[in-house]
Amino acid sequence: MRLRHGEVFAFACGSLVLAATGCATAIHGPMQKVSIRSTPPGATATILPLDSRVTTPGEVTLTRRSVYTVRFEKEGYQCVLAYLDRRSATAAFFNAGLFFGTMRDYETGAAFALVPSPLDVVMRPLSEVNAADAGRCDFRIPVETVYDDGTESEYSRAPEQNRSVGLRR
Amino acid sequence: MVWLRRIALGLSICLIGCSSKMDIQLIRYPEAAGLADRGEGCDLRFLDAAALIEHPECKDVGDVFVGNTGFSISCDEERVMGEIRLAACGLGADTAVVRRLRGTRSTCYEARARLLSCSIAGKRGES
């Protein structure tokens with residue numbers, strides 16, 4: 001089968017448009033749906049810096065370009081601060097170095113993925129917390145960003161349970 | 001081939017313009033209300049992510065992410081720490097717990113820092 005000039009031109013134009021759009025933008029778009037859960041459920045999760053609220057378990061749609069901090073609050077429990085980080089999305093690597101596509105993916109934020117997803121935290125009852133800590137939020141960091149043990153998308157139980165090792169570089 | 005040169009020139013200008021920028025995202029917590037700007041280059045304690053900041057006088061006042069725009073060239077550790085210091089001082093924090101982000105496949109140093117205000121600890125001169 002021989003292609004005519006018009007078909008070749010149309011194919012070339014189509015390829016160019018796809019390349020300029022960005023693979024990640026085309027595949028999963030600039031927004032990501034993130035599930036937010038807590039144990040026990042029914043906590044109010046405030047997503048900073050947006051200051052939007054959701055009751056757990058719930059879902060929020062966020063732009064992949066930003067990072068977020070989620071503050072969990074529930075009567076009778078110590079509040080929890082947890083991070084949503086961003087990392088490079090696999091879909092962005094299909095651009096294979098195409099300048100415009102890569103640029104477009106970074107510009108829209110589609111080059112990234114928010115982690116961990118789902119964001120799941122365990123809250124401690126105030127009865128189990130020292131009086132000095134009761135007024136302060138418990139802080140959780142993603143294990144995968146601290147330790148090189150292959151763990152992914154998992155939050156540490158509490159800061160005091162983290163291993164005492166230096167920041168790896 | 002004049003048009004080709006123009007495109008190359010445009011791309012070069014775009015790349016040079018983008019390369020000096022970094023993506024800086026500061027998240028201010030409600031606890032930061034009332035804290036004063038401590039001025040550029042203020043005294044700031046840098047701790048690594050394994051540090052346990054559970055001092056009763058320390059409170060989380062915000063966090064900052066410093067990362068790649070996609071075309072950042074000047075994004076080494078020193079530059080990133082400088083940006084963290086700038087953000088922390090502006091927020092009124094005196095301690096930054098820095099965590100390097102892994103798995104970003106970026107050649108840039110990317111970090112997210114927990115910003116704390118530890119007024120009592122600071123007065124005691126703890127390091």
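Good morning. A residue is called buried here if 20 or more other C-beta atoms lie within 10 Å of its own. By that criterion, 35% of the 169 residues in chain A are buried. Please bear in mind throughout that this is a predicted model.

Let me stay with chain A for a moment. Chain A contains three helices and nine strands, and along the sequence these follow the pattern α-α-β-β-β-β-β-β-α-β-β-β. If we take the contacts in chain A between residues at least 6 apart in sequence, 67% of them join residues at least 24 apart.

I now turn to chain B and its sheet. Strands of a sheet pair through backbone hydrogen bonds, either parallel or antiparallel. In chain B, five strands form an open sheet with mixed pairing, in the order β1-β3-β5-β4-β2. Strands β1 and β2 of chain B are the edges, each pairing on one side only. On average, neighbouring strands in this sheet are turned by 25° against each other, direction ignored.

Which strands does β4(B) pair with? On one hand, four bridges join β4(B) to strand β2 of chain B, residues 45-48, and these two run parallel; here B:L47 stands opposite B:V97. On the other hand, six bridges join β4(B) to β5(B), in the antiparallel sense, with B:V98 opposite B:A113. Strand β4(B) is also mostly covered, as five of its six residues are buried.

Strand β5(B) has a further partner in β3(B): these two pair antiparallel over seven bridges. Within that pairing, B:K59 has B:S117 as its bridge partner.

Finally, consider the helix that accompanies this sheet. Helix α2 of chain B covers residues 77-91, which is 15 residues. From its first C-alpha to its last, α2(B) reaches 21 Å, close to the 21 Å expected at 1.5 Å a residue. The helix lies across β1, β2, β3, β4 and β5 of chain B, and runs at about 145° to β3(B).

What do the buried residues of α2(B) pack against? They pack against β1, β3, β4 and β5 of chain B. The buried residues include B:V80, B:I84, B:A87, B:A88 and B:L91. An α-helix has 3.6 residues a turn, so residues three or four places apart point the same way. The buried set also includes B:E83 and B:R85.

Definitions and conventions
Residues are numbered from 1 along each chain as its sequence is written. Chains are lettered from A and ligands numbered from 1 in the order in which they are written. This is a predicted model: local features need pLDDT of at least 70, side-chain atom pairs count only at pLDDT 80 or more; totals for chains, interfaces and linings use all residues. The expected span of a helix is 1.5 Å times one less than its number of residues. A residue is buried if 20 or more other C-beta atoms lie within 10 Å of its own, exposed if 12 or fewer, and partly exposed in between; C-beta atoms are placed from the backbone. Two residues are in contact if their C-beta atoms, placed from the backbone, lie within 7 Å. Two strands pair if DSSP finds at least two bridges between them. Axes are lines fitted to C-alpha atoms, for helices over the stretch in contact, and angles run from 0 to 180 degrees between N-to-C directions.
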